[in-house]
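Here is a short note to read alongside the model, for someone meeting it for the first time. Please keep the 3D view open while you go through the points.

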Amino acid sequence: MFGLGYVGSVTAACLAELGHRVIGVDRDQGKIESIRKSHAPFFEPGLEDLISANVAAGRLSATDSAAEAVADADICLLCVGTPSERNGNLGLDQLRRVTEDIRAAFAARTTKKKLIIAVRSTVFPGTCEQVVAPLLEGLEGISIVSNPEFLREGSAVVDFREPTLVVVGGNDPESVAMVAELYEPLGVNACQVSLRTAEMIKYACNAFHAVKISFANEIGALCEPLGIDAAEVMSTLCVDTRLNISTAYLKPGFAFGGSCLPKDLRALAYRANRLDLKLPLLESAMPSNHEHLRRAIDKVQNLTCARIGVIGLAFKENTDDLRESPVITLLEHLIGKGRDVRVYDPHIKLDAIYGTNRSFVLNAIPHIGRLMEASVDDLLGWAEAVVVAQKPSSTLAARIQSSGLPVIDLVGYRASFATA
Ligand SMILES: NC(=O)c1ccc[n+]([C@@H]2O[C@H](COP(=O)([O-])OP(=O)(O)OC[C@H]3O[C@@H](n4cnc5c(N)ncnc54)[C@H](O)[C@@H]3O)[C@@H](O)[C@H]2O)c1
């Protein structure tokens, strides 16, 4: 275990408790001495007892010698710090240095067995391949795995023992399986992914947690001047485990639209502003959505073919509601640039649409009627490329697939079919 900080000490003690022989390495003599004397190097509930029990059992020791730790190791877990630099970038000095230490120690090994380097420190996607791997180039029998850490200080020991997520990424399935096996006694199946995916998942998790906290705090900030109990609002929100506390809305796809989300976000931002409240997270949802739509428009504009078929016109599948549909904005841009587009939406019959719904689309694209195809076969027969702007049914998806046309999948339907 390289690095006996918050992550390394807890991981070392917990893996020793599972029966592994663990040697902790650090450059800080204080931490080494502390473990040798059966003390935790810092306060973390349950850690002191774990360290003293496992040092006494001979399963856990500490040293400043990389050579001693690497000599007979199967796996080196890297838990060194990756602090922020002044510009916000990640500081990789400790990671580079520890990799160089391991390189030198590995070269001096007498055993010919393979060594797995498992990076537990939080590192930006690509770091294992672009920073760690080049420093180990030329060495036979080393493989690199990403095994990000998810524990929380204050409940780190419990988090290790009862993990909700274990991720192991790498290019060598045998090494990935071997690191995943470390966690098997904890009753969790590690998610086995690619190196970069493993590195990214850690950032996605931390960003998600930060966004959740800021969301709850901004809702709370708005509740206060309105005399509303924010805790009651949030705990009631959490009662809905289908749409709120669930996997719903957590798949990368197309921009949101419709008659509710944009309208209600605008009202929240307006009212907050009148209360002199700044709610940057909530206020940024609409600009974020516009940016996402702009990226989609750029992607479609980059098509070089003449005839573009668009699947979907309503703001989502299984509705004929056209209000604030991002597809209409997409079409406006394409038409404005002189592109030849036609549209098929299984639920839109223009003559059957009334009221604001109808005027919304006619205001934006007065000749929309001439662009609509009555069947998907007509659309696919005419088009040279297809843009899927609404999640298709499995029959429709199969039909698109069998057309052999190039597809721009804006909604991520192909990924969801692949994982279904
Ligand atoms: N602290 C957390 O709650 C937490 C949770 C998940 C992930 N992480 C990530 O895990 C990593 C470690 O975090 P931490 O809080 O344990 O950091 P830390 O600063 O507490 O510990 C890092 C340790 O690495 C040691 N070190 C540096 N260079 C070394 C070398 N060449 N050889 C041996 N030891 C060396 C340092 O002396 C220090 O003791 C970071 O990337 C962090 O982002 C932290």
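The numbered points below go through the model one region at a time.

1. **Ground rules.** This is a predicted model, where local features need pLDDT of at least 70 and side-chain atom pairs count only at pLDDT 80 or more, while totals for chains, interfaces and linings use all residues. Residues are numbered from 1 along each chain as its sequence is written, and side-chain values use heavy atoms, with hydrogens and water left out.

2. **Strand β3.** Helices (H or I, at least four residues) and strands (E, at least two) are DSSP runs, numbered from the N terminus.

3. **From β3 to β4.** Strand β4, residues 115-119, pairs with β3 in the parallel sense over 4 bridges; two strands pair if DSSP finds at least two bridges between them. Cysteine 76 has isoleucine 117 in β4 as its bridge partner. Between the two strands the chain passes through helix α5 (residues 93-107), and this β-α-β crossover is right-handed. That term applies if, with the strands pointing away from the viewer, the path from the first strand over the helix to the second runs clockwise.

4. **Who surrounds the ligand?** Which residues come nearest to the ligand? Of the 22 residues around the ligand, they are Val7, Asp26, Lys31, Thr82 and Glu153. A residue is near a molecule or strand if one of its heavy atoms lies within 4 Å of it. Helix α1 (6-17) and α5 each supply at least two residues of this shell, and α5 gives the largest share, 3 residues. By type, the shell divides into 7 nonpolar, 7 polar and 8 charged residues. In this count Ala, Val, Leu, Ile, Met, Phe, Trp, Tyr, Cys and Pro are nonpolar, Asp, Glu, Lys and Arg are charged, and the others, Gly among them, are polar.

5. **Atoms facing the ligand.** A backbone N or O atom of valine 7 lies 2.8 Å from an oxygen atom of the ligand, and a backbone N or O atom of threonine 122 lies 2.9 Å from a ligand oxygen atom. For arginine 27, a polar side-chain atom lies 3.0 Å from a nitrogen atom of the ligand. On its own the ligand has 830 Å² of accessible area, and the protein covers 81% of that. Accessible areas come from the Shrake-Rupley method with a 1.4 Å probe; for residues, only the protein chains shown count as cover.

6. **Strand β6 and its neighbours.** Next, look at strand β6, residues 167-170. Val167 and Gly169 point one way, Val168 and Gly170 the other way, and all are buried. Strand β5 (residues 142-146) pairs with β6 in the antiparallel sense over 2 bridges, with serine 146 opposite glycine 169. Strand β7 (residues 191-193) pairs with β6 in the parallel sense over 3 bridges, and valine 168 stands opposite glutamine 192 in β7. With helix α8 (residues 173-182), β6 and β7 make a right-handed β-α-β unit.

7. **Two positive phi angles.** Serine 38 has a positive phi of about 65° although it is not a glycine. Serine 38 lies in the loop between α2 (29-36) and α3 (47-56) and is partly exposed, at 21% relative accessible area. Glutamate 324 also has a positive phi, near 55°, in a residue other than glycine. Glutamate 324 sits in the loop between β8 (307-311) and α14 (326-336), and its relative accessibility of 27% makes it partly exposed.

8. Threonine 395, in helix α18 (residues 394-403), is exposed at 62% relative accessibility. Threonine 395 and leucine 18 are 377 residues apart in sequence and 50 Å apart in space, C-alpha to C-alpha. Lysine 113, in the loop between α5 and β4, is partly exposed at 28%.

Conventions:
A polar contact is a pair of N or O atoms within 3.5 Å; within protein, one must be able to donate a hydrogen and the other to accept it, and residues adjacent in sequence count only if both atoms are side-chain atoms. Buried means under 20% relative accessible area, exposed over 50%, partly exposed in between (1.4 Å probe, protein chains only).
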